[in-house]
Amino acid sequence: KLRLAYIILLIILFLSPVNGQVSKYSNEFLTVGVGARALGMAGSVIASVDDVTSGYWNPAGLNEQLQTAQIGLMHNEYFAGMAKFDFGAYSMRLDEKSVAGISFIRFGIDDILNTLDLIDADGNIRYDRISKFSAADYGFIFSYARKPEIEGLSFGGNLKLIYRKTGDFANAWGFGFDAGARYNLRDWSFGASARDITSTFNAWSFNTSDMSEVFTVTGNELPENSLELTVPRLMLGTAREIHLSEKFTLLAELDADITFDGKRHVLIATDFV
């Protein structure tokens, strides 16, 4: 299946009549983070996540949930409430060794003023011609986790479907795959999550019919259909749970976030990672 995914991706890359580019900050709405505990731990939960939010952080963690089914919801707002982030997830245990889940993410800005038709053909300013649109990113994550015969080991994977829309001007469809693993050894947990393992792509399509006249008058270049690639990302984690008493425990985790898309302003940077 993985080999087939590579073949399909190569066919799209070489046969599609679009321009391709590797973007360092492509699909960043999928890196915001979900869950109160995870955000409180600065996202360092790759090795310790054990609930319905595992589909986002590390799909292998779904097998740690104790309930037959779980539901998770979150709403957050950024930039004085202009940008709204919504997350919803559902996970269900299929049997003693496997769990499936689905997650939904929306990050968008609504009620953006469209002033393309503000000035009519006679040069008059017409405020009644102002309309509104939304710029929103949507992510659908389908997760599956399973325990093999090795004691303490779990592994899982995600299929991600992405839809990005900017009013009636542009939209993009994309898909990608994630893989994760977790190993529990007494009070220690070790986790790994490889995101976009086959390089996630977004195929952008632009509707330039409503923009061509304004762009020409203002000297702007019309956008062209393009293919946007998100290169893989590896996240590693080690966690330790310390039992202080019957009702209190201390959980600590150290994670490494490793990217392969060129130098960033981070703690350790090389030409490769």
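**View 1. Lining of the largest pocket, with strand β12.** Strand β12 (residues 249-259) contributes five residues to the lining of the largest pocket, the most of any element. Strands (E, at least two residues) and helices (H or I, at least four) are DSSP runs numbered from the N terminus. The model is predicted: local features need pLDDT of at least 70 and side-chain atom pairs 80 or more, while totals for chains, interfaces and linings use all residues. Residues are numbered from 1 along each chain as its sequence is written, and side-chain values use heavy atoms, without hydrogens and water. The largest pocket holds about 340 Å³ of space. Of its 15 lining residues, D257, I258, V266, L267 and I268 are the closest to its centre. A pocket is an open set of points on a 1 Å grid where a 1.4 Å probe fits, with protein on both sides within 12 Å along at least five of seven lines; lining residues have an atom within 4 Å of a point.

**View 2. The largest nonpolar core.** Among the 21 residues of this core, F29, V34, V45, W57, F85, F87 and I105 touch the most other members. A nonpolar core joins buried Ala, Val, Leu, Ile, Met, Phe, Trp, Tyr and Cys residues through side-chain atoms within 4.5 Å; buried means under 20% relative accessible area, exposed over 50%, and partly exposed in between (1.4 Å probe, protein chains only). The largest share, four residues, comes from β3.

**View 3. Loop residue N220.** N220 sits in the loop between α4 (212-218) and β10 (226-230). N220 is partly exposed, at 46% relative accessible area.

Notes. Grid points are joined across faces, edges and corners, and a volume is the space filled by probe spheres set on the points.
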